[in-house]
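Visitor: Hi, could you walk me through this model? I'd like to ask as we go.

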Amino acid sequence: MRVIDRNLNAWQTGILIFILLFANKIIVLPSLLFEGAGLESIFMLVFVFMFEIGLIWLFYILKKRYPNKSFASVLQKHFGEGVKVLFFAAFCIFFLSKAVLLYNVTYIFFRNLIYKDTSNFLILFCFLPIINHLAISGLRALGRTAQMFFPVIAGILIFCLVVGIFGIDSRPLLFSNSFESVVLTGLRHIAPFGDMIFLFAFMDKIEVKKGQWKVIFSFAGAATILIVAVNLIFMLSYTYTSFMHPYAIFEIMSFVKEFGGLGRIDIISMVLIIVFAYFHLAIYLKTFMLSFHQIFPKIDNIYSILTFDFVFVVIVTFFIVNLETAVVYGEQILPWIAIFSFLILPVFVFVALLSGRRKKKTKFSLEAAE
Amino acid sequence: MDVDKTIKDFKKKLHNSVDVADRTLDKNGVKIGFIYLKSITDNAIFSENIFEPVASFQGEISFEMLKSFVRPNDVSEIEQSEVLKNILKGGVVIFISNSEKILAIDILKYNTRAPSEPPTSPVIMGPREGFTEDYKTNITLLRRRFHDENLVLESAFVGKQTKTQIIVAYLHGVADKKVIAELKKRLKNIEIDGIVDSYYLLSLITSRPNSFLKQVGQSEKPDIVAAKMLEGRVAIIVDNSPIVLTVPFVFLEDLQNSNDYYTNFTYSTLIRFVRVAAIILAVLGPGTYIALQLFHYNILPFKYLITIADATQQVPFTPFIELLFISLLFQVLYEVSLRLPSYLGLATSVVGALILGDTGVKAGLISPPAVIVVAIAKIALYTIPEQASQITLLQYIFMIIGASLGLLGLIGGMIYFVAYANTVENFGAPYLAPLSPFILSDNKDGVFKVPLDKMKKMPKSFKNIPTERIDEKRLLKNEEKSNESD
């Protein structure tokens with residue numbers, strides 16, 4: 001199957017970043033963070049976001065250095081074919097794992113709140129054809145579709161935040177948790193972060209014109225502010241009962257009396273979670289697909305999708321079926337995978353950047369000697 | 001030239017059809033033969049302006065003299081191979097025995113209706129002219145709007161049997177050359193026995209012929225086509241069709257209505273939002289109703305839940321079957337009303353909508369909320385009649401999705417179709433532009449409508465030659481002048 005992955009522009013890239021930054025961070029995470037480290041967890045959230053935006057910054061530097069090259073060719077040039085394959089294998093594992101975590105959290109949300117005790121297969125049957133279609137349609141179609149839905153996403157988010165403010169009824173104490181517990185909670189729940197490495201897989205397909213990087217950073221900044229705001233409003237709304245309310249964005253709209261005249265406005269946040277879930281999974285699959293292609297360049301794209309679907313279905317069907325397993329999976333297994341995005345990949349990128357500069361300098365000095 | 005034999009040969013080639021007419025004259029040993037089709041020629045012109053002057057001439061006649069006798073302007077000298085083509089296009093062909101040259105005079109005439117307001121796009125304020133089935137009239141309607149040498153009209157013939165006249169119309173220096181070249185290439189590549197209406201061309205010139213999406217603009221109004229040509233689109237006039245096609249086409253074109261341009265821009269913007277809401281309602285309304293009833297009754301507000309439960313408890317069918325039945329009933333009534341004479345159509349509408357609907361509710365076979373949902377969705381469908389067929393199809397698809405997968409499936413379906421539409425590009429125009437990709441300047445006449453003086457630039461959603469539509473400097477000068485005079 002021929003997949004035409006034409007380029008994404010700065011706006012579309014920014015919107016994909018915006019969407020992906022939300023992955024898992026406005027449903028279960030606020031409750032878990034608050035339970036572990038109280039209101040101080042916000043600081044940890046902001047701190048980890050700095051790393052996340054740091055990854056975008058790193059991508060920016062790399063893209064400026066190698067404007068038309070793919071990440072695969074950069075890796076191959078500096079570290080050889082073996083490292084390149086290992087890296088893209090890690091990409092595949094990383095995004096498959098993230099897809100499993102995200103699916104599990106949203107499945108539990110859907111099962112408990114939208115579909116009463118429905119089967120896992122119905123949800124899978126909803127997700128897989130759509131995300132497969134989005135991946136096959138090509139990057140440009142994915143970017144444009146995200147662009148089309150962005151006003152809906154932004155509108156609902158702002159509406160949720162405005163409504164959520166009316167639900168705040170307590171002022172939790174600051175500095176009641178130790179520094180150690182804050183850090184440990186942050187590290188334990190680092191699994192939803194690190195998605196920004198998807199940019200490296202898309203590197204040669206992102207076309208940013210001069211002066212448009214600020215568009216990308218603006219989207220990333222806006223997403224960060226909105227996520228922190230959702231977390232903060234949730235923590236201020238459910239100071240004593242946060243452990244009973246695992247679906248933050250939905251919960252902050254549930255008991256707002258001021259908007260009672262409109263009826264069940266929390267349905268609106270459900271729509272947001274559904275739209276987010278589709279796009280998150282589609283971006284994960286697309287990244288998996290592009291990475292898979294780097295490992296097996298001769299194999300048709302359809303096989304990468306089939307591989308993803310098969311492994312994904314097996315994992316979510318046989319291993320992860322409830323919230324407890326999802327939490328264990330997210331707290332104990334996935335944080336280790338985050339090492340790849342926050343440590344290994346940046347180190348290799350730095351080395352590639354430095355060695356590129358050194359080679360350039362050597363070339364200049366040789367020219368001067370001649 | 002043996003005139004009698006030549007005429008006999010051509011009559012044979014035309015299978016001696018009843019409308020083939022021929023006349024011969026003998027002028028001092030010089031034979032002059034006329035052959036034409038009386039069904040598509042102006043017999044009065046033939047008799048008074050062609051036959052009569054030749055017949056009344058005394059003396060020996062030559063080919064050059066013959067040319068000067070006949071009075072119509074459209075006279076041409078043709079080759080033997082062009083004789084049939086000229087006869088079939090409404091010409092009279094004249095042979096003369098003392099010359100090998102052949103004369104053809106275009107006296108085409110057939111009954112055509114006068115331009116009238118098209119039933120598909122009536123306006124409250126604005127021009128009420130519509131295209132007709134005669135391509136010459138249609139060209140006139142366009143020419144009347146462009147008194148400029150840059151209006152280019154190119155001719156082509158499509159269809160092995162029908163040899164239908166196609167006119168490609170565009171503005172030189174405004175329409176993109178690549179689009180024109182691509183269109184000509186696609187028209188040239190068409191291998192079909194006949195083109196009966198412009199709709200035949202639709203699937204033959206689109207890049208995704210198997211897609212259910214409409215990819216070519218259609219209009220019956222010359223003012224709309226002229227406005228589209230001013231933006232750099234290319235119009236395709238097909239003989240025997242009152243519908244003129246335009247390319248490139250984007251979805252939002254159908255959201256625009258000619259009324260929008262002849263009323264206040266704020267009102268137009270409001271109406272466009274209403275149309276967007278109507279599309280969403282038409283596509284998703286019935287599906288959402290089914291999904292809420294089948295899967296998510298718990299998310300419905302309590303009062304609504306009680307009302308719906310109360311209304312539907314006696315109904316023996318599932319919400320899906322109920323809505324499907326009412327929708328199909330509507331579709332049947334719609335088809336019947338289209339095909340029957342208006343007086344009978346009215347009667348069937350009364351029987352179908354009022355009696356069947358009312359009795360169905362009273363008998364407990366269908367519920368009032370289901371009737372309301374389908375009625376709203378079907379009415380909303382016709383806020384954009386040009387897209388009615390696509391929206392109807394999507395309506396049924398979303399009903400099935402809503403019944404089988406619920407809310408999650410409905411939103412997934414929306415994403416699926418938007419992604420699908422985003423893969424469609426015809427003549428270089430992204431189908432959903434200027435929404436995705438988002439082009440701010442084009443949205444001035446997209447979902448929004450700004451005053452005309454704010455739309456200074458050409459649309460960027462499709463290829464055209466970017467020119468300033470409004471001379472800003474002149475506009476400023478005029479403003480200054482008017483300020484000074486104040």
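Visitor: What should I know before we start?

Guide: This is a predicted model, where local features need pLDDT of at least 70, side-chain atom pairs count only at pLDDT 80 or more, and totals for chains, interfaces and linings use all residues. Residues are numbered from 1 along each chain as its sequence is written, while chains are lettered from A and ligands numbered from 1 in the order in which they are written.

Visitor: How many residues of chain A are in contact with chain B?

Guide: 26 residues of chain A are in contact with 23 residues of chain B. Two residues are in contact if their C-beta atoms, placed from the backbone, lie within 7 Å.

Visitor: And which helices of chain A supply that side?

Guide: α5 (81–114), α6 (120–136), α7 (139–165) and α12 (266–295) of chain A each give at least two residues. The largest share, 7 residues, comes from α6(A). Helices here are DSSP runs of H or I with at least four residues, strands are runs of E with at least two, and both are numbered from the N terminus.

Visitor: How do the residues on that side of chain A divide by class?

Guide: There are 17 nonpolar, 6 polar and 3 charged residues on the side of chain A that touches chain B. Ala, Val, Leu, Ile, Met, Phe, Trp, Tyr, Cys and Pro count as nonpolar, Asp, Glu, Lys and Arg as charged, and the others, Gly among them, as polar.

Visitor: Staying in chain A, at what angle do α7(A) and α10 pack?

Guide: α7(A) and α10 (residues 213–237) of chain A pack at about 25 degrees, with their axes 10 Å apart. Axes are lines fitted to C-alpha atoms, for helices over the stretch in contact, and angles run from 0 to 180 degrees between N-to-C directions. That angle makes α7(A) roughly parallel to α10(A). Angles under 35 degrees count as roughly parallel, over 145 as roughly antiparallel, 65 to 115 as roughly perpendicular and the rest as oblique.

Visitor: Which residues make the contact?

Guide: A:Leu157, A:Leu161, A:Gly164 and A:Ile165 of α7(A) meet A:Leu226, A:Ala229, A:Val230, A:Ile233 and A:Ser237 of α10(A). By class, the contact has 7 nonpolar, 2 polar and no charged residues.

Visitor: Over to chain B. What is the strand order in the open sheet?

Guide: The open sheet has 5 strands in the order β6-β7-β9-β10-β8 (chain B), with antiparallel pairing. Its edge strands are β6 (151–158) and β8 (217–219) of chain B, each pairing on one side only. Two strands pair if DSSP finds at least two bridges between them. From one strand to the next, the twist averages 25 degrees.

Visitor: How many bridges join β9 and β10 of chain B?

Guide: 3 bridges join β9 (residues 234–238) to β10 (residues 244–247) of chain B. B:Val234, for one, has B:Val247 in β10(B) as its bridge partner.

Visitor: Which strands does α5 of chain B lie across?

Guide: Helix α5 (residues 135–143) of chain B lies across β6, β7 (164–171), β9 and β10 of chain B, at about 10 degrees to β7(B). Helix α6 (residues 177–188) of chain B also packs on the sheet, touching β6, β7, β9 and β10 of chain B, and its direction makes about 175 degrees with that of β7(B).

Visitor: Last one: what domains does chain B have?

Guide: The domain assignment gives domain 1 (3–106), domain 2 (135–260) and domain 3 (263–418) of chain B; such bounds come from an automatic or database domain assignment. The centres of domain 2 and domain 3 of chain B, taken over C-alpha atoms, are 34 Å apart.
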